[in-house]
Amino acid sequence: MAQPLMPKATAVWLIDNTTLTFEQIADFCGLHLLEIRGIADGEVAAGIVGMSPLTNGQLTKAEIERCTADSSARLTLTERPELPVTRSRRGRYTPVSKRGDKPDAIAWILRNHPELIDSQIGKLLGTTKATITAVRDRTHWNSSNIKPRDPVLLGLCSQRDLSEALARAGTSRPTSEKVTNGKPTGINLIGGADEI
């Protein structure tokens, strides 16, 4: 049987504001009869503020009146339609211990995936365009200590997120290809070495 939210707070409110029997309140809240008696005596739940089951839609006034008139009747929870579960897209929280790793991850992405634009990098790592620009221009306050490191290994993004960002960028280069000064060099998959 479904129980109300915060059963002790609901029991406190029902004891203080209705004339329901202790058995009815105990049955509705899923608490033992001795607990309800203790709440009524002030020995149990002394610091708990009562919560009205009417305001949050768990009971109706008519249901309370029906059970008040008939002491053998049992309270039933009001069935509410379930709300669809929607997840809001909020900014990703990065623990304090990993925030210092963001410039390293930015440097790695700038070196290995120059096709990603600043807004994509910012969204992927949860950082600002100003930080990305500072790392790119080597004007970041800690630029002497920045070492390019993979953001997936640092735990700043998942491999799936990185792959999706690369797919949205429109090009996904092979991993054997390296980037020097923004121009790809290395092995040409068609044959031979790139000539630049």
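## Terms and basis

Axes are lines fitted to C-alpha atoms, for helices over the stretch in contact, and angles run from 0 to 180 degrees between N-to-C directions. Helices (H or I, at least four residues) and strands (E, at least two) are DSSP runs, numbered from the N terminus.

This is a predicted model, in which local features need pLDDT of at least 70, side-chain atom pairs count only at pLDDT 80 or more, and totals for chains, interfaces and linings use all residues. Residues are numbered from 1 along each chain as its sequence is written, and side-chain values use heavy atoms, with hydrogens and water left out.

## Helix 1 against helix 3

Helix 1 (residues 7-17) and helix 3 (residues 33-41) cross at roughly 60°, and their axes come within 10 Å. The two helices are therefore oblique to each other (under 35 degrees is roughly parallel, over 145 roughly antiparallel, 65 to 115 roughly perpendicular, the rest oblique).

Helix 1 makes the contact through K8, A11, V12 and I15, and helix 3 through E35, I36, I39 and A40 (contact means heavy atoms within 4.5 Å). By class, this contact has 6 nonpolar, no polar and 2 charged residues. Ala, Val, Leu, Ile, Met, Phe, Trp, Tyr, Cys and Pro count as nonpolar, Asp, Glu, Lys and Arg as charged, and the others, Gly among them, as polar.

## Helix 7 against helix 8

Helix 7 (residues 118-125) packs on helix 8 at an angle of about 110°, with the axes 9 Å apart. That makes helix 7 roughly perpendicular to helix 8. The crossing of this pair is right-handed.

D118, S119, I121 and G122 of helix 7 meet K129, I132, T133 and R136 of helix 8. The contact residues divide into 2 nonpolar, 3 polar and 3 charged.

## Second largest pocket

The second largest pocket holds about 260 Å³ of space. A pocket is an open set of points on a 1 Å grid over the protein atoms alone, where a 1.4 Å probe fits, with protein on both sides within 12 Å along at least five of seven lines; lining residues have an atom within 4 Å of a point. Grid points are joined across faces, edges and corners, and a volume is the space filled by probe spheres set on the points.

The lining consists of A107, L110, R111, V135, R136, R138, S143, I146 and P148. Helix 6 (102-112) and helix 8 (129-136) each give two or more residues to the lining. Helix 6 has the largest share, 3 residues. The lining divides into 5 nonpolar, 1 polar and 3 charged residues.

## Positive phi

R138 is not a glycine, yet has a positive phi of about 60°. R138 sits in the loop between helix 8 and helix 9 (151-154). A45, also not a glycine, has a positive phi of about 60°. The place of A45 is the loop between helix 3 and helix 4 (61-69).

Notes. A crossing is left-handed if the near helix is turned anticlockwise from the far one by less than a right angle, and right-handed if clockwise.
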